[in-house]
2 protein chains.
Amino acid sequence: MGLVPRVVVDVMPKPEILDPQGKAVLGALPRLGFSGVTEVRQGKRFELQVEGEVTEAVLADVHRMAEMLLSNPVIENFEVRVEETA
Amino acid sequence: MGLVPRVVVDVMPKPEILDPQGKAVLGALPRLGFSGVTEVRQGKRFELQVEGEVTEAVLADVHRMAEMLLSNPVIENFEVRVEETA
């Protein structure tokens with residue numbers, strides 16, 4: 001079978017944007033007995049399977065998908081990368 | 001300043017679990033003019049800053065946080081890893 005490449009898009013709130021979900025997690029940690037975590041940011045992770053090889057053209061397409069559909073560029077940053085999976 | 005280590009927790013729906021958010025994204029792609037994507041899974045990404053060094057004990061703690069708070073182990077898998085950031 002070989003390796004199946006997977007394209008991953010990570011979408012995170014921009015550093016200057018408030019992240020209420022991350023703050024809620026951070027606030028819950030001490031109540032659960034955890035200490036030592038100083039910041040939590042929560043974002044989204046997308047895993048895409050594509051037909052055929054992951055070429056530069058495919059990655060350019062995924063970039064446009066991330067801009068148009070997967071993220072809100074006003075408040076979020078995204079990163080596209082390829083992961084080889086078994 | 002040096003590198004600030006960041007602990008990342010990726011939380012994804014288990015393969016056997018329906019993922020309506022991923023399906024919605026997959027369904028929207030052709031309408032936006034994109035082809036060639038055969039599957040989309042949507043999950044969550046958490047970025048944690050911790051005090052001091054990221055030791056094995058810290059990572060074990062983050063594992064327990066992921067089990068108790070960041071994921072729902074019945075329907076989601078998670079992965080913990082360290083990323084060095086500038």
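**Exercise 1. How much area is buried between chain B and chain A, and what share of it do carbon and sulfur atoms give?**

Before the solution, some conventions: this is a predicted model, in which local features need pLDDT of at least 70 and side-chain atom pairs count only at pLDDT 80 or more, while totals for chains, interfaces and linings use all residues. Residues are numbered from 1 along each chain as its sequence is written, chains are lettered from A and ligands numbered from 1 in the order in which they are written, and side-chain values use heavy atoms, with hydrogens and water left out.

Solution. Buried area is the accessible area (1.4 Å probe) that two parts lose on being put together, summed over both. For chain B and chain A this comes to about 2,900 Å², and carbon and sulfur atoms give 67% of that area. In terms of contact (heavy atoms within 4.5 Å), 31 residues of chain B touch 31 residues of chain A.

**Exercise 2. Work out which rotation superposes chain B on chain A.**

Solution. Copies are superposed by least squares on the C-alpha atoms of residues with pLDDT of at least 70 in both. The same surface serves both copies, since 100% of the contact residues of chain B recur in chain A. Within chain B, the residue that comes closest to the rotation axis is B:Lys44, whose C-alpha lies at 2.2 Å.

**Exercise 3. Describe how helix 1 of chain A meets helix 2 of chain B.**

Solution. Helices (H or I, at least four residues) and strands (E, at least two) are DSSP runs, numbered from the N terminus. Axes are lines fitted to C-alpha atoms, for helices over the stretch in contact, and angles run from 0 to 180 degrees between N-to-C directions. The axes of helix 1 (residues 20-31) of chain A and helix 2 (residues 56-70) of chain B come within 11 Å and cross at roughly 110°. Helix 1 of chain A is therefore roughly perpendicular to helix 2 of chain B, a label that covers 65 to 115 degrees. On the chain A side the contact involves A:Val25, A:Ala28 and A:Leu29, which meet B:Met65, B:Leu69 and B:Leu70.

**Exercise 4. How many salt bridges does the rule find across the interface of chain B and chain A?**

Solution. A salt bridge is a side-chain nitrogen of Lys or Arg within 4 Å of a carboxyl oxygen of Asp or Glu. The rule finds two across the interface, and A:Arg45 and B:Asp10 meet in a salt bridge at 3.1 Å, N to O.

Definitions and conventions: Angles under 35 degrees count as roughly parallel, over 145 as roughly antiparallel, 65 to 115 as roughly perpendicular and the rest as oblique.
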